[in-house]
Amino acid sequence: LFILAIIFFALFVVGYVQFFVPLGKYGVFLSKTSGYHKELITHEEFLWRWESLIPTNSKVLLFSLSPITIEKKMEGKLEHANKYAMFLKNEPNFSWKVDIGVRFEIKKEVLVAFLKEANIKDEDALLEYLKEGTENVVANAIEDCILFYQENDNRCNKFLFKKRLKNAIERAVPKLLNCRITMMEVALPDFYTYRSARSVAQEYARAKQDILISKIEKLRGIQQNIEEL
């Protein structure tokens, strides 16, 4: 009975998955025979899995899931900014700058399904994937907002720009994440003046083209007269 008790105790310890999850961490149970266990493992909740009894058959992937904050800085100029500025007095500056902080945390209820789909098996790879993905979302959202006000005749100020950017980021961020904007500083050009300068430049280009076409037509006429002589 004593030997049987030791054997049963050993089997219990080997299959006691919760034992491998430190306090403050979350575990994902993965085995060769059953794949991913559908629920996260915590230090507080009991979980025993028979798959652990088979040597090298299973492992517990550990994640802290602590909130992470990233900061993204971007700057640039509106399209053909220098060229269009030359058509206005004092040559206005059409440059822009955005400095934004985003705090995100992983939704625990969808983590297991995401790891299975993305084939990610450690915390460093997960964080790298999420940071890169979030930075791309932020960068694309900034560029889209700049392009929107550059091309559309909508009223724009810092408040409206920040609101549009915030909504764009929250819509595009992966469903795996909860995120919120922690900081946003923007320096914006005068989009109305930019569009006015662009219109002047385009009118000037069309006028030059009309003059060039007129000259070409005159040359053709002269050449035709010479040929007739």
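**Secondary structure, sheet pairing and helix packing**

From the N terminus on, the elements of the protein follow the order α-β-β-β-β-α-β-α-α-α-β-α, that is, six helices and six strands. Helices (H or I, at least four residues) and strands (E, at least two) are DSSP runs, numbered from the N terminus. The model is predicted, with local features requiring pLDDT of at least 70 and side-chain atom pairs counted only at pLDDT 80 or more, whereas totals for chains, interfaces and linings use all residues. Residues are numbered from 1 along each chain as its sequence is written, and side-chain values use heavy atoms, with hydrogens and water left out.

Of the 229 residues of the protein, 32% count as buried (under 20% relative accessible area; exposed, over 50%; partly exposed in between; 1.4 Å probe, protein chains only). The accessible surface amounts to about 15100 Å², 55% of which belongs to carbon and sulfur atoms; areas were computed by the Shrake-Rupley method with a 1.4 Å probe. Among contacts (heavy atoms within 4.5 Å) between residues at least 6 apart in sequence, 74% join residues at least 24 apart.

Three strands form an open sheet in the order β2-β1-β3, with antiparallel pairing; two strands are taken to pair if DSSP finds at least two bridges between them. Strands β2 (35-36) and β3 (58-63) are at the edges, each with a single partner strand, so one side of each has no neighbour in the sheet. Strand β1 (residues 26-31) is joined to β3 by six bridges in the antiparallel sense, and valine 28 is opposite leucine 61 in β3.

Helix α4 comprises 29 residues and should span 42 Å at 1.5 Å a residue, which agrees with the 42 Å between its end C-alpha atoms; the expected span is 1.5 Å times one less than the number of residues. At its N-terminal end, α4 is capped by aspartate 122, a side-chain oxygen of which lies 3.1 Å from the backbone nitrogen of aspartate 124.

Phe161, Leu165, Ala168 and Ile169 of α5 are buried. These residues cover an arc of only 95 degrees around the axis, which puts them on the same side of α5; the arc is that of the directions from the helix axis to the C-beta atoms. The buried residues of α5 pack against β5 (95-106), α4 (123-151) and β6 (177-187). The face turned away from the buried side of α5 carries the exposed residues Phe159 and Arg171. Asparagine 157 caps the N-terminal end of α5, with a side-chain oxygen 3.1 Å from the backbone nitrogen of phenylalanine 159.

How values were computed:
A polar contact is a pair of N or O atoms within 3.5 Å; within protein, one must be able to donate a hydrogen and the other to accept it, and residues adjacent in sequence count only if both atoms are side-chain atoms.
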